[in-house]
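Subject: Structure for you to look at

Hello,

Here is the structure I said I would pass on. Please open it next to the sequence; my notes follow below.

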Amino acid sequence: MIKENYESIERRVCEACARAGRKRESVTVIGVSKLHPAEAIREAYKTTPLRAFGENYVQEFCAKRDALVDLDVEWHFIGHLQRNKVRALLAKRPTLIHTVDSIELTDTLERIMSEDRPEEVQDVLIEVRHGDEDTAKTGCYPNQLEELSEHIARQRHLKLRGLMLIPPIEADPAQTRHWFKDIFRFAAWMNDRNDMSVLSYGMSSDFEIAIEEGATHVRIGTAIFGERHVNES
Ligand SMILES: *Cc1c(COP(=O)(O)O)cnc(C)c1O
């Protein structure tokens with residue numbers, strides 16, 4: 001099932017790249033495996049070329065990382081990050097943390113990196129808050145992006161690599177296109193001072209639109225691993 005799902009996604013990614021005049025290698029598919037067992041990741045690893053996985057919850061991230069130490073893959077942290085979970089997360093060396101959204105979280109990450117991994121640098125993205133006030137709960141407000149990016153740039157143990165967005169859930173996926181256009185513009189504007197080459201947006205329902213609008217990392221869960229049966233709150 002995972003293999004067939006992946007093949008269909010891969011075909012659609014290739015088609016979206018072709019429409020956008022982009023190379024297939026310019027897009028990384030992150031398999032979002034939250035609430036699926038570690039064995040689902042192992043199956044994906046064995047039966048598909050998928051080599052990047054994303055998790056939302058620190059405890060689950062750590063458990064799967066431990067269960068799958070033998071796999072040579074990228075581990076993305078894409079969930080909301082609470083400061084009291086930072087040490088546990090950093091201990092498992094995530095490839096990329098997508099969800100830095102405040103000065104306070106940045107300071108906690110920097111402090112714990114300097115204590116626990118003083119010789120290393122952790123790659124991070126800023127999660128940008130979309131403009132729909134009714135549904136936006138996390139992320140940095142666009143008018144604070146400049147301040148937060150400059151603050152991250154001053155940290156010795158953090159490297160800002162780009163931006164991440166979770167758009168509001170729209171009945172019609174085509175409605176998300178304008179959020180992707182906004183974030184692409186923010187990244188271009190910030191690129192003067194930072195290397196903002198990573199753009200993380202697009203999920204099962206809208207990844208093709210995201211690729212057309214410049215995403216370098218699409219985060220696909222349901223369309224690869226199937227429905228999640230646990231209540232996500
Ligand atoms: C769950 C999740 C995804 C994947 O969503 P699907 O609709 O299942 O593809 C992507 N990004 C984030 C931040 C998520 O929490």
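I start with R93, which counts as partly exposed because its relative accessibility is 38%, between the 20% and 50% cut-offs. Please keep in mind throughout that this is a predicted model. R93 is found in the loop between α4 (86-91) and β4. The phi of R93 is near 50 degrees, a positive value in a residue other than glycine. Most residues other than glycine have a negative phi. L35 also has a positive phi, near 70 degrees, and is likewise not a glycine. L35 sits in the loop between β1 (28-32) and α2. With a relative accessibility of 26%, L35 counts as partly exposed.

Next, the ligand. Which residues come nearest to the ligand? Of the 13 residues around it, they are K34, N56, S204, G221 and T222. The shell around the ligand is made up of six nonpolar, four polar and three charged residues.

- K34: a polar side-chain atom lies 2.7 Å from an oxygen atom of the ligand.
- R219: an N or O atom in the side chain is 2.8 Å from a nitrogen atom of the ligand.
- G221: a polar backbone atom is 2.8 Å from an oxygen atom of the ligand.

Taken alone, the ligand exposes 390 Å², and the protein buries 89% of that.

For I97, the contacts beyond four places in sequence are F77, L81, L89, L90, L109, Q122, D123, V124 and L125.

Helix α2 covers residues 38-47, and A38, A40, I41, R42 and A44 are buried in it. An α-helix has 3.6 residues a turn, so residues three or four places apart point the same way. The buried residues of α2 pack against α1, β2 (52-55), α3 (58-67), β3 (74-77) and α9 (222-225).

Two more residues are worth a look. T99 is found in strand β4 (residues 96-100). Is T99 buried or exposed? Its relative accessibility is 1%, so T99 counts as buried. A polar atom of the T99 side chain lies 2.7 Å from the backbone oxygen of G79. Leaving out residues up to four places away in sequence, T99 touches F77, I78, G79, L81, L105, L125, E127 and M164.

M196 belongs to the loop between α7 (177-190) and β7 (198-200). Why does M196 count as buried? The reason is its relative accessibility of 3%, which is under the 20% cut-off. Not counting residues up to four places away in sequence, M196 touches L160, R161, G162, L163, A187, M190 and N191. M196 and E120 are 76 residues apart in sequence, and their C-alpha atoms are 20 Å apart in space.

Regards

Technical notes. Residues are numbered from 1 along each chain as its sequence is written. This is a predicted model: local features need pLDDT of at least 70, side-chain atom pairs count only at pLDDT 80 or more; totals for chains, interfaces and linings use all residues. Side-chain values use heavy atoms; hydrogens and water are left out. Helices (H or I, at least four residues) and strands (E, at least two) are DSSP runs, numbered from the N terminus. Buried means under 20% relative accessible area, exposed over 50%, partly exposed in between (1.4 Å probe, protein chains only). A polar contact is a pair of N or O atoms within 3.5 Å; within protein, one must be able to donate a hydrogen and the other to accept it, and residues adjacent in sequence count only if both atoms are side-chain atoms. Contact means heavy atoms within 4.5 Å. A residue is near a molecule or strand if one of its heavy atoms lies within 4 Å of it. Accessible areas come from the Shrake-Rupley method with a 1.4 Å probe; for residues, only the protein chains shown count as cover. Ala, Val, Leu, Ile, Met, Phe, Trp, Tyr, Cys and Pro count as nonpolar, Asp, Glu, Lys and Arg as charged, and the others, Gly among them, as polar.
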